[in-house]
Amino acid sequence: MTADRTTDVTALGTVLGVWAHPDDETYLAGGLLAALRDAGNRVVCVTATRGEAADPSATAGERIALAALRTRELEAALSILGVAEHHWLDHPDGGCSALDPVRPARHLARLIEAVRVDTVLTFGPDGFTGHPDHRAVSAWTDLAVRLATGAGVVPRVLHAVASDHPVDPGLDADFGVFDLGQPRVCADEDVLVRLPLTGEALDRKVAALLAQESQTSALVAAVGADRFRAWVATEHWAAPEVG
């Protein structure tokens, strides 16, 4: 598919979303995934880890419990978004960048070929927040797309990007959202898919985020529901940078 700007989500065809941790999919693409499913598009999501390292001070037993909790939370969130097809890669949270990228890339390439993917949604090389797992998943996905093209499948790749009109810089700074690295910032003309969410569409995304309570409850309690809703209300996607 060509990298043309679109306001019609159905033009994205069959979509594969590739993420590092539970909640990445909802924060970055919850509205888009739900809109695609409502339109009848096939959506398949892949999550590289179960997010067990979210608390760096947790014991081994606590990590096992957190992985189980985040698994249940993600299942609930995807159900709200209407996404029924999901795959775990079960790589170690916080350890994706240490892995040989060929194995996960081959796994993803086989999935791209089997699903006959038209569009891949994932992180850019920046990882959006700079997280090493996000950046590793971006690299795996790029390699997977190259490997899959031998089977005649050439999907469009879209990266999550930030707008050059940030919604709430104070929240970003206060909660260290970009402490590990800044996202790619795009002007409006470089954004291929911009999805502003209001009403029931925003309610649905927020409900999916709140279903992942272990990751969202503290933030919502700190900033309030209205500020949180405004912060997650627009999604931006752009073609990979060239060069």
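Guide: Two strands are said to pair if DSSP finds at least two bridges between them. The model is predicted, local features requiring pLDDT of at least 70 and side-chain atom pairs pLDDT 80 or more, while totals for chains, interfaces and linings use all residues. Residues are numbered from 1 along each chain as its sequence is written, and side-chain values use heavy atoms, with hydrogens and water left out.

The chain contains eight helices and nine strands, these being DSSP runs numbered from the N terminus (helices: H or I, at least four residues; strands: E, at least two). Seven of the strands make up an open sheet with mixed pairing, in the order 3-2-1-4-5-9-8. Its edges are strand 3 (85-88) and strand 8 (193-196); each has a single partner strand, so one side of each lacks a neighbour in the sheet. On average, neighbouring strands are turned by 20° against each other, direction ignored.

At the edge formed by strand 3, the pairing with strand 2 (residues 43-47) is parallel and extends over four bridges. V46 has H87 in strand 3 as its bridge partner, and T47 is bridged to W88 of strand 3. Strand 2, helix 2 and strand 3 together make a right-handed β-α-β unit; right-handed means that, with the strands pointing away from the viewer, the path from the first strand over the helix to the second runs clockwise.

Two further helices pack along the strands. Helix 3 (residues 102-115) touches strand 1 (15-19), strand 2 and strand 3, contact meaning heavy atoms within 4.5 Å. The direction of helix 3 makes about 170° with that of strand 2; angles run from 0 to 180 degrees between N-to-C directions, and axes are lines fitted to C-alpha atoms, for helices over the stretch in contact. Helix 4 (residues 132-148) lies across strand 1, strand 4 (119-122) and strand 5 (156-160), at about 165° to strand 4.

The helix of the β-α-β unit, helix 2, spans residues 60-81, and its axis comes within 10 Å of that of helix 7 (residues 213-223), crossing at roughly 85°. The two helices are therefore roughly perpendicular, a term for angles of 65 to 115 degrees. L66, L69, R70 and E73 of helix 2 meet E213, S214 and Q215 of helix 7. The residues of this contact comprise two nonpolar, two polar and three charged, where Ala, Val, Leu, Ile, Met, Phe, Trp, Tyr, Cys and Pro count as nonpolar, Asp, Glu, Lys and Arg as charged, and the others, Gly among them, as polar.

Notes: Parallel < 35°, antiparallel > 145°, perpendicular 65-115°, else oblique.
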